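This briefing goes with the sequence and the 3D structure shown below. Keep both in view while reading.

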Amino acid sequence: MPQIIEILLRHLGTGQPVRYWCEDESRLGLKTMTCRIITLKGVKPQGQVSWQRKSFYLYGLVEPVTGESFYWEFSRLDAQCFQKFLDVFSTTYSNELNLIQMDNGSFHKSLSLKWPDNIIPIFQPPHSPELNPIERLWEYIKAQLSWEQCTSLDELRQKLKQVLESISPDAIASLCGWDYITSALLSATS
């Protein structure tokens with residue numbers, strides 16, 4: 001807590017913008033993501049399913065108010081990858097103080113993490129993914145990729161890239177800009 005207060009005192013009153021982000025990670029792989037299919041009554045749905053277990057993790061941040069997003073791919077879900085993600089994000093958004101809401105993953109709280117000066121973590125209550133708006137973005141992305149048959153991770157990356165490029169900031173804000181978050185942020189800035 002003293003470190004957070006020290007960072008706030010250093011940044012507040014400097015005219016530096018303060019931004020609120022929501023962070024999470026999602027695993028994407030070659031195992032086919034299935035979903036419901038509408039069929040005629042009495043007709044069983046059919047679809048080809050791949051059972052390959054190769055995968056990667058997409059680390060992501062969204063700003064619920066503007067819909068701006070930031071993604072980075074890693075092969076693992078651990079403190080070392082998370083540190084690299086924080087460092088790249090911190091450098092990309094170096095002119096702002098970034099408040100980041102995240103879950104209580106053990107690697108988020110690793111003692112080996114060195115939090116950049118322009119990032120303040122906000123941990124949501126344990127076992128409450130429904131409080132993190134980026135979860136809705138992951139659902140949307142996976143729905144776009146459902147029933148896709150990818151034979152390699154590179155092919156999956158290409159399809160994921162197409163999906164990410166097709167989602168506008170307005171669409172992300174619509175998915176992630178929950179009323180209680182946007183109204184709290186607007187009242188805090190007025």
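Which residue does the side chain of Glu155 meet in a salt bridge? The partner of Glu155 is Lys159, at 3.7 Å from N to O; a salt bridge is a side-chain nitrogen of Lys or Arg within 4 Å of a carboxyl oxygen of Asp or Glu. The model is predicted: local features need pLDDT of at least 70, side-chain atom pairs count only at pLDDT 80 or more, and totals for chains, interfaces and linings use all residues. Residues are numbered from 1 along each chain as its sequence is written, and side-chain values use heavy atoms, with hydrogens and water left out.

**The chain as a whole**

- The chain has six helices and five strands; helices (H or I, at least four residues) and strands (E, at least two) are DSSP runs, numbered from the N terminus.
- Read from the N terminus, the order of the elements is α-β-β-β-α-β-β-α-α-α-α.
- The chain has 190 residues, of which 43% count as buried; buried means under 20% relative accessible area, exposed over 50%, and partly exposed in between, with a 1.4 Å probe and protein chains only.
- Of the contacts between residues at least 6 apart in sequence, 67% join residues at least 24 apart; a contact means heavy atoms within 4.5 Å.

**Salt bridges**

- The count of salt bridges comes to seven.
- Glu155 and Lys159 both lie in helix α4, four residues apart, which is about one turn of the helix.
- An α-helix has 3.6 residues a turn, so residues three or four places apart point the same way.
- Glu155 is partly exposed, because its relative accessible area is 27%.
- Arg19 and Glu63 form a salt bridge through their side chains, at 2.6 Å from N to O.
- Arg19 is in strand β1 and Glu63 in the loop between β2 and β3, so this pair ties together parts 44 residues apart in sequence.
- Both Arg19 and Glu63 are buried.
- Another salt bridge links Arg76 and Asp78, with the closest N and O atoms 2.7 Å apart.
- Arg76 counts as partly exposed because its relative accessibility is 38%, whereas Asp78, at 19%, counts as buried.

**Helix α3 and its surroundings**

- Helix α3 covers residues 134–145, which makes twelve residues.
- From its first C-alpha to its last, α3 reaches 17 Å, close to the 16 Å expected at 1.5 Å a residue; the expected span is 1.5 Å times one less than the number of residues.
- Ile134, Leu137, Trp138, Ile141 and Leu145 are the buried residues of α3.
- These residues cover an arc of only 100° around the axis, which puts them on the same side of α3; the arc is that of the directions from the helix axis to the C-beta atoms.
- The cover over the buried residues of α3 includes β1, β2, β3, α4 and α5.
- Leu160, in helix α4 (residues 153–166), touches Ile141 and Leu145, as well as Leu28, Phe56 and Leu58, not counting residues up to four places away in sequence.
- Leu160 counts as buried because its relative accessibility is 5%.
- After α3 comes Trp147, with a positive phi near 65°.

- Gln101 lies in strand β4 (residues 97–102) and is buried, with a relative accessible area of 6%.
- The side chain of Gln101 makes a polar contact of 2.9 Å with that of Gln124, and also reaches the backbone oxygen of Leu131 at 2.9 Å.

**An exposed loop residue**

- His127 is in the loop between β5 (119–123) and α3.
- His127 is exposed, with a relative accessible area of 80%.
- The phi of His127 is positive, about 55°, although His127 is not a glycine.

Terms used:
A polar contact is a pair of N or O atoms within 3.5 Å; within protein, one must be able to donate a hydrogen and the other to accept it, and residues adjacent in sequence count only if both atoms are side-chain atoms.
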